[in-house]
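Here's a quick briefing for anyone opening this one for the first time. Take a look at the sequence and the structure, then read on.

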Amino acid sequence: MLVFKFGGASVKDAQGVINLGKVISNYRNEQLLVVVSAMGKTTNALEKLTRAYFDGNGDVHNVFEEIKEYHYQILHELFGDHHPVFDEVANNFVEIDWMIEDEPHDDYDFIYDQIVSIGELVSTRIVNAWFNHQNFSSKWIDVRGYIHTDNTYREGVVDWDKTCISIKKDIPALLSKSIVVTQGFLGGTSENFTTTLGREGSDYTASIFASCLGAESVTTWKDVPGILNADPKLFADTVKFEELSYQEAIEMTYYGASVIHPKTIKPLQNANIPLLVKPFMEPTAAGTIIKEGAVNKFKKPVIIVKNNQVLISISAVDYSFISESHLSEIFAAFAKHQVKVNMMQTSALSFSACIDHIPERFERLLSTLKQKFKVKYNNDLKLITLRHYTDVALQDVTAGQSVLVKQTSRNTAQVVVK
Ligand SMILES: Nc1ncnc2c1ncn2[C@@H]1O[C@H](COP(=O)(O)OP(=O)(O)O)[C@@H](O)[C@H]1O
Ligand SMILES: N[C@@H](CC(=O)OP(=O)(O)O)C(=O)O
C-alpha cells in the first residue's frame, strides 16, 4: 500500500482538488491512504482568528467569514449548490461558532489546537467528497482516533505504541475496500481533545501511518519538482536531487529546509520506507527519492534560510564566567518553554543562541531567564545554513548583509545575518 500526502498548496482551490483526482487516477490498482492538509493558507487564517479571539479583538467574525467564504466558493465550484458535503463542512464550522461565542477561558495553546484543526477537518471532507463524486470509492476517517498524543498542545507528542495498535486494528480492512482519506497535522488526547503536531506536521502524519502499516512508500506531492539544493522562492538556478540518503534529508530538515517536516524522515528510515517528493502538477515526473543506499550528488551547496530569528545573549549578573551550572539552568529554561536552539555559541561571559521567534514562548523564556541572568537580544534576523559549502557560496549568500555570528565545521557553515 502507498501513503500520499497532499499539502495546502495542492488543494488551494477547486482546480487543485480536481487535480488530486487526476493524480490518484494513476493509482487505481493500489491501496491508497491519502493525508491532506488545510486548503491553501487556511492554517495561517485560523491562527489569525485564534489570536483575535484570544485578544478579544473585533476582527474575529470578519476573519471567520473570509475562511468560510473561501471554502464555500470551492465547494460551489466542485459540486454546484447542493451536496451532502455542505452540511458536513457547516457542522465543522459550527464548532468554531460555539467556541467564539464565549470568552476564552482556557490556555492559548489548547484553544489554538481546537480552532486551527478545523482547517484539516474541512479540507478532508471536501477531498473525500470529490473522490467519491469521481467514482473512486473513498472513506473519510477522523485521524484523532488513530494518532494518539499527550496533551502538549501545538506540539503533540505521539504515543507510538497506542497509535500503531489503533492504525493496525482498523486501517488495513478499510484500505482493502476503498481509498482512505484523513487529516494531516492532527492528533487526539486520551480525553478526546484535539492536538496539532507542530506547523507543517502533515508530512509527519503520512510517515506515522506508513511506518505503522509497513507501507511500500510515502509520496508527498509538492509545488516543486522535488527536493532542490535551495528554496526556489529565494534562489535562482536551483538544482534538483534525483536521490538523497535519509541522513542527508534529516540534516537538511533539521537545519530548516521547509520542504519536509523535520520529524518525517526518522520513522521512515527506521522502517526502511522510501519517501518520494513529487510535483503535483506533473504526477508522472520522477521527483526526488529519499531511500536507503541513495548516493548524494552535490552539484551545488545546499542552502537553507530560516527567517524570523532572534539572537539571544545571556550572561551572569555579576560578570562571572558562564559555567556548566549556568548552562544547565539556561537549557532547563529552553526546554521548559519549548524553545528549540537553532545555533549556539559560548564565550567567557555569555551564552548566545539563535532561536525561532514564537512570541508567546519567547516572552515566557525571557521572564524565566531574567530572574537569574542578564539578557539581551536582537530580532528580525536570518539564519543561513550551507551544507557542503564553499567559501565563494558563503560570500554570495551573505553579500550586502551584516554577519552577527558565523560558525563553520568541515561540512556545514552557519551565519546569523541582519
Ligand atoms: N530545498 C528545497 N527544495 C524544494 N522546495 C523547498 C526547499 N526549501 C524550501 N522549499 C519550499 O518548500 C515548498 C513546499 O513545501 P510546503 O510549502 O511545506 O508544501 P506543502 O504545503 O505542499 O506541504 C516549496 O514551495 C518551496 O518554496
Ligand atoms: N496545515 C498545517 C499542516 C501542514 O503540514 O500544512 P502543509 O502541508 O500545507 O505545509 C500547516 O499549515 O502548518
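Around ligand 1 there are 18 residues, the closest being Gly7, Val224, Leu228, Asp231 and Val259. Keep in mind that this is a predicted model. Below, the notes are grouped by topic.

**The two ligands**
- The shell around ligand 1 splits into eight nonpolar, five polar and five charged residues.
- Ligand 2 has its own set of residues around it, including Gly7, Gly8, Ser37, Ala38 and Thr43.
- Sort the shell of ligand 2 by type and you get two nonpolar, eight polar and two charged residues.

**The annotated domain**
- UniProt, in an unreviewed entry, lists residues 2-277 as "domain: Aspartate/glutamate/uridylate kinase".
- That span, residues 2-277, is 47% helix and 13% strand, and its end C-alpha atoms sit 13 Å apart.

**Helix H7**
- Helix H7 covers residues 160-175, and its 16 residues should span 22 Å at 1.5 Å a residue; the end C-alpha atoms are 21 Å apart, so the two agree.
- There's a kink of about 35 degrees at Lys168 in H7, shortly before the proline Pro172.
- Which residues of H7 are buried? Thr163, Ile167 and Ile171 are.
- An α-helix has 3.6 residues a turn, so residues three or four places apart point the same way.
- The buried residues of H7 pack against strand S2 (32-36), strand S4 (179-183) and helix H8 (202-213).

**Asn135 in its loop**
- Look for Asn135 in the loop between helix H6 (118-133) and strand S3 (138-140).
- Is Asn135 buried or exposed? Asn135 counts as exposed because it has 8 C-beta neighbours inside 10 Å.
- Asn135 and Ile18 are 117 residues apart in sequence, yet their C-alpha atoms are 13 Å apart in space.

**Two residues with positive phi**
- As background, most residues other than glycine have a negative phi.
- Tyr319 has a positive phi, near 60 degrees, and isn't a glycine.
- You'll find Tyr319 in the loop between strand S11 (302-316) and helix H11 (324-336).
- With 10 C-beta neighbours inside 10 Å, Tyr319 counts as exposed.
- His388 also has a positive phi, near 55 degrees.
- The loop holding His388 runs between strand S14 (373-387) and helix H13 (391-398).
- His388 has 17 other C-beta atoms within 10 Å, so it's partly exposed.

Technical notes. Residues numbered from 1 in each chain as written. Chains lettered and ligands numbered in written order. Predicted model: local features only at pLDDT ≥ 70, side-chain atom pairs only at ≥ 80, totals over all residues. Near = placed C-beta within 6 Å. Nonpolar A, V, L, I, M, F, W, Y, C, P; charged D, E, K, R; others polar. UniProt positions renumbered as here; feature names shortened; annotations may be inferred. Helix = DSSP H or I, 4+ residues; strand = E, 2+ residues; numbered from the N terminus. Expected span 1.5 Å × (residues − 1). Bend = angle between axes of the 7 residues up to and from the residue. Buried ≥ 20, exposed ≤ 12 C-beta atoms within 10 Å, placed from the backbone. Contact = placed C-beta atoms within 7 Å.
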